[in-house]
Amino acid sequence: MASHNDQRAFNTIFDYYWDELYHLAIVKTSCPDLAQDLAHEVFINLWKYRKTIKVKATFSAYLATMLKYGFFRHLAKQDKESVKGDFLAEPYHEEHGFSIMEFNELYDKISQIKSSLPPRCKAIFEMNSFQQMSVEEIATNFKISSSTVRNQLARAREVFKEQLTEDVSLITLLAIFFH
């Protein structure tokens, strides 16, 4: 898609991932209008930054991460507006898009930390964080107890916290990934 500016390829990606992304946005926001806006924003940014995006995991996980980052930006914008008023809101390009370099840095760091997790811990983390599976669903899938799943998720959180302590902005963004 990036090398050929292929609108058809983009449309295929949009058609294939729209429902999944919109459903994830509904789960996160509980607001159909906001969910639709966030999902659209992901695809707008996907097209806008198609030449610089580097996907290191599954494309679905990458889109989910973009969505979560967009949701975080929305929450930050809401907080900023409620505290300081509309006249101090971020410039248009900051409000309606995100720095692709910031996103790639976060995505790279998350991928790096994820790959350092033990295999089962990594799988449980991905199922919970990216596939939105509940603790009980994961326990059933692996045929293990719910407490074991919770322990693995706590272990993953601890690894993320330890490895992100030097970068406060990434820790704040990471809070979205852990609900």
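Analyst: This is a predicted model.

User: Which residues of α8 are buried?

Analyst: The buried residues of α8 are V149, Q152, L153, A156, V159, F160 and L164. Viewed down the axis of α8, these buried residues fall within an arc of 120 degrees, so they line one face of the helix.

User: What span should helix α8 have, at 1.5 Å a residue?

Analyst: The expected span of a helix is 1.5 Å times one less than its number of residues. Helix α8 has 19 residues (146–164), so it should span 27 Å. Its end C-alpha atoms are 27 Å apart, which agrees.

User: Turning to the nonpolar cores, which residues of the largest one touch the most other members?

Analyst: The largest nonpolar core has 36 residues, and those touching the most other members are L21, F43, L46, L63, L67, L117 and F160. At least two residues of this core come from each of α1 (7–29), α2 (32–48), α3 (59–84), α5 (100–116), α6 (119–129) and α8. The most come from α3, which gives eight residues.

User: What does L21 touch?

Analyst: Leaving out residues up to four places away in sequence, L21 touches A39, V42, F43, L63, A64 and L67. There is also a second, separate core of eight residues, with M133, V135, I138 and V149 among them.

User: Where does α1 bend, and by how much?

Analyst: The bend in α1 is at Y17 and amounts to about 50 degrees. Y17 is also one of the buried residues of α1, which include F10, I13, W18, L21 and L24.

User: Where do S30 and K143 lie, and are they buried or exposed?

Analyst: S30 is in the loop between α1 and α2, and K143 is in the loop between α7 (135–142) and α8. The cut-off for exposed is over 50% relative accessible area. S30 has 63%, so it is exposed. K143 has 78%, so it is exposed.

Notes:
Residues are numbered from 1 along each chain as its sequence is written. This is a predicted model: local features need pLDDT of at least 70, side-chain atom pairs count only at pLDDT 80 or more; totals for chains, interfaces and linings use all residues. Side-chain values use heavy atoms; hydrogens and water are left out. Helices (H or I, at least four residues) and strands (E, at least two) are DSSP runs, numbered from the N terminus. Buried means under 20% relative accessible area, exposed over 50%, partly exposed in between (1.4 Å probe, protein chains only). The arc is that of the directions from the helix axis to the C-beta atoms. A nonpolar core is a set of buried Ala, Val, Leu, Ile, Met, Phe, Trp, Tyr and Cys residues joined through side-chain atoms within 4.5 Å. Contact means heavy atoms within 4.5 Å. The bend at a residue is the angle between axes fitted to the seven residues ending there and the seven starting there.
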